[in-house]
Amino acid sequence: VGVGFEARNPEPHASVRPWPIVAGKRSEETLAALREAGDLILSLESSCDETAMCIMDSHGVVCANVVATQIDFHARFGGVVPEIASRKHTEAIVGLFEETMARAGAHFGCDTLVPSDLSAVGVTAGPGLVGALVVGVAFAKGFCVTTDLPLIPVHHLEGHLLANLFETPDLEPPFVASLVSGGNTMLVHVRAWGDYVVLGSTIDDAVGEAFDKVAKALGLGYPGGPVISKLAAQGNPKAIHFPRAMMHSGDYSFSLSGLKTAVITYIEGENRAGRAINLPDLAASFEQAVIDVQVAKAKTAVEETGVSDFCVGGGVAANPALRAAYKETFGKMGVRVTVPPMLVCGDNAAMIAVGALRSYRTQGFSPLTLDANPNAQLGSWSSDAAPVVPSGM
């Protein structure tokens with residue numbers, strides 16, 4: 001009552017921030033630290049529902065690593081809505097850039113970095129949701145146009161592979177990697193850096209997608225992985241038998257759709273019968289069915305390739321039971337298991353920065369005609385050069 005039209009419908013107005021940002025005077029210590037750091041690479045990740053940026057120096061040191069998540073916006077729908085994801089990336093990306101530059105400035109003892117401090121821009125160019133990828137690629141291209149910096153495309157899944165270097169600095173090919181996330185489930189034979197043979201992948205749902213759909217069917221919210229994992233830790237994994245799809249298929253393909261359907265059918269049957277569902281037991285039984293297939297196929301891949309290293313990448317790599325199962329199985333075989341630190345399991349720009357720095361060293365630049373490729377094959381934009389071992393997380 002009494003509120004005027006103008007107050008209820010404010011007119012757009014210019015930002016109160018100065019733009020471009022002007023850095024304050026720098027101390028000799030800051031200037032020396034910047035010289036020691038060498039070239040600084042800004043990297044962006046926007047393949048799904050995280051907007052992320054990182055600044056890495058020429059030695060692989062992470063100077064700033066920032067992630068803006070959209071989970072709250074997608075939770076009400078039980079999964080990622082592509083149109084919302086791309087809009088939220090657009091809303092977040094400029095502020096995220098300012099935050100990343102300020103944090104990197106604090107790393108060097110000054111108020112903020114400025115574009116002239118940077119040497120190149122890396123960006124996830126695929127795979128992922130096309131509308132989400134486009135936001136990051138467009139920002140990176142626009143930034144390169146205005147600063148005359150080189151543009152470096154990076155493959156999202158190779159980023160997840162390279163994230164293992166944060167945990168195991170001496171990791172070298174050949175090794176087998178399991179890439180498990182909301183959008184991907186695959187086994188990869190890494191014969192050399194840049195030489196990736198996809199042994200098999202899911203023919204329907206990804207592991208993370210199955211977790212989300214089961215959680216949605218139980219009314220547990222989104223994302224499903226963490227909540228299912230917490231419940232499973234309190235349950236009996238042998239309480240309910242669910243199918244182990246393609247366990248003995250003789251290849252490295254995965255299928256999660258049948259398992260998801262079996263769980264939903266079980267829930268509906270219990271509801272019709274008026275029986276209360278033991279959530280921890282159901283979660284543990286479902287999780288175990290997923291783990292059994294993942295571990296069995298990974299074990300066969302390691303035996304057939306003869307490698308002595310096994311790695312995991314992607315958001316589902318954060319699942320404690322899956323991590324423990326890999327370590328138990330391969331520990332008995334004398335195979336070293338590497339799982340990235342939790343901070344770089346989910347989508348982040350630090351892992352993209354590792355790939356971007358390697359490409360920067362080999363002049364692996366892209367013209368500004370670069371387009372986002374939602375179906376980019378693993379190995380795209382890669383290099384046979386060894387990556388710099390990252391640090392500072």
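These legends accompany close-up views of a predicted model.

**View 1. The whole chain.** The protein has 12 helices and 10 strands. Its radius of gyration is 23 Å, close to the 21 Å that the globule rule gives for 393 residues, so the protein is as compact as a globular protein of that length. Along the principal axes, the C-alpha atoms fill a box of roughly 70 × 70 × 35 Å. Of the 393 residues, 51% count as buried. Among contacts with a separation of 6 or more, 73% join residues 24 or more positions apart.

**View 2. Surface and charge.** The protein exposes about 17,200 Å². Carbon and sulfur atoms supply 54% of that area. The side chains include 27 positive and 40 negative ones. The centres of these two sets lie 5 Å apart.

**View 3. Helix α5 and its cover.** Helix α5 spans residues 130–147, 18 residues in total. From first C-alpha to last it reaches 25 Å, close to the 26 Å expected at 1.5 Å a residue. Buried residues in α5 include A132, L133, V135, G136 and V137. F139, A140, K141, F143 and C144 are buried as well. An α-helix has 3.6 residues a turn, so residues three or four places apart point the same way. What covers the buried residues of α5 includes the strands β1 (41–45), β2 (50–56), β4 (120–126) and β5 (151–155). Helix α4 (82–108) is also part of that cover.

**View 4. The two ends of α5.** P127 sits in the loop between β4 and α5. The peptide bond from G126 to P127 is cis, with omega near -10 degrees. Just after α5 comes D148, in the loop between α5 and β5. D148 is not a glycine, yet its phi is positive, about 60 degrees. Most residues other than glycine have a negative phi, and most peptide bonds are trans. D148 is exposed, with a relative accessible area of 69%.

View 5. Y222 and P223 are joined by a cis peptide bond, with omega about 0 degrees. P223 lies in the loop between α7 (207–217) and α8.

**View 6. The loop between α8 and α9.** This loop, between α8 (224–232) and α9 (257–273), holds K238. K238 is exposed, with a relative accessible area of 75%. K238 and L282 are 44 residues apart in sequence. In space, their C-alpha atoms are 9.3 Å apart. M246 is found in the loop between α8 and α9 too. Its phi is positive, near 60 degrees, in a residue other than glycine. M246 counts as partly exposed, at 25% relative accessibility.

Methods: Residues numbered from 1 in each chain as written. Predicted model: local features only at pLDDT ≥ 70, side-chain atom pairs only at ≥ 80, totals over all residues. Heavy atoms only, no water. Helix = DSSP H or I, 4+ residues; strand = E, 2+ residues; numbered from the N terminus. Rg over C-alpha atoms; globule rule 2.2 N^0.38 Å. Buried < 20%, exposed > 50% of the residue type's maximum accessible area, 1.4 Å probe, protein only. Contact = heavy atoms within 4.5 Å. Areas by Shrake-Rupley, 256 points an atom, 1.4 Å probe, with all protein chains shown as cover. Lys, Arg positive; Asp, Glu negative; His and termini not counted. Charge placed at Lys NZ, Arg CZ, Asp CG, Glu CD. Expected span 1.5 Å × (residues − 1).
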